[in-house]
Amino acid sequence: EIKRFEQSIRDFPDFNLYCRKRSVAWSEVEGLPSDECMAFDTVLNIFYQSLEVSDNDELMTTYDGTGSLQDIEKVLFELAQNEILWWTDKNFSASNLVSKYTRSRIHGGGYS
């Protein structure tokens, strides 16, 4: 449901004209293009994390929302255990892996 809702925002006509983009200086630091919309600050970045094996055979995790759906209960427990609670209500905890809502932050800016 969250994924569909966030995609519906990306699908707004001319969304690319009004989304926030990286500054040219910051994009050079990150090595990312400055003309793309910044990623949403959303729990989906954790649930759909990308896993890659580096050149020296280390597992690298990127919280970018583009990977495969991870084990939901495991992710919820890790969020609670590490006290990453911004996306959830005040009752969310390791003993209560349920939240009445989840938050997402979507940056606007019209930098085009």
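**View 1. Cysteine 37 is partly exposed in this predicted model, with a relative accessible area of 23%.** The label applies because 23% lies between the limits of 20% and 50%. A disulfide joins cysteine 19 to cysteine 37, with an S to S distance of 1.9 Å. The cut-off for such a pair is 2.5 Å. The count of disulfides comes to one.

**View 2. The link of cysteine 19 and cysteine 37 is left-handed.** The angle about the S-S bond is -75°. The pair links distant parts of the chain, 18 residues apart. Cysteine 19 sits in the loop between helix 2 (15-18) and helix 3 (24-30). Cysteine 37 sits in the loop between helix 3 and strand 1 (41-42).

**View 3. Both cysteines, Cys19 and Cys37, also line the largest cavity.** A search of the whole structure finds one cavity of 30 Å³ or more. The volume of the largest cavity is about 40 Å³. Besides Cys19 and Cys37, its lining holds Phe15, Arg20, Met38, Ala39, Phe40, Ile106 and His107. By class, the lining of the largest cavity divides into seven nonpolar residues, one polar and one charged.

**View 4. The largest pocket has a volume of about 260 Å³.** Its lining counts 16 residues. Glu6, Arg10, Asn45, Asp64 and Gly65 lie nearest the centre of the pocket. Helix 1 (2-10) and helix 4 (44-47) each supply at least two lining residues. The largest share, four residues, comes from helix 1. Seven residues of the pocket lining are nonpolar, five are polar and four are charged.

**View 5. Threonine 88 lies in the loop between helix 5 (72-81) and strand 4 (104-105).** Its relative accessible area is 8%. Threonine 88 is therefore buried, as the limit is 20%. Its side chain reaches the backbone oxygen of leucine 85 at 3.1 Å. Which residues is threonine 88 in contact with, leaving aside its neighbours within four places in sequence? They are Ser99, Tyr101 and Arg103.

Methods
Residues are numbered from 1 along each chain as its sequence is written. This is a predicted model: local features need pLDDT of at least 70, side-chain atom pairs count only at pLDDT 80 or more; totals for chains, interfaces and linings use all residues. Side-chain values use heavy atoms; hydrogens and water are left out. On a 1 Å grid over the protein atoms alone, a cavity is a set of points where a 1.4 Å probe fits but cannot get out, and a pocket is an open set with protein on both sides within 12 Å along at least five of seven lines; lining residues have an atom within 4 Å of a point. Grid points are joined across faces, edges and corners, and a volume is the space filled by probe spheres set on the points. Ala, Val, Leu, Ile, Met, Phe, Trp, Tyr, Cys and Pro count as nonpolar, Asp, Glu, Lys and Arg as charged, and the others, Gly among them, as polar. Buried means under 20% relative accessible area, exposed over 50%, partly exposed in between (1.4 Å probe, protein chains only). A polar contact is a pair of N or O atoms within 3.5 Å; within protein, one must be able to donate a hydrogen and the other to accept it, and residues adjacent in sequence count only if both atoms are side-chain atoms. Contact means heavy atoms within 4.5 Å.
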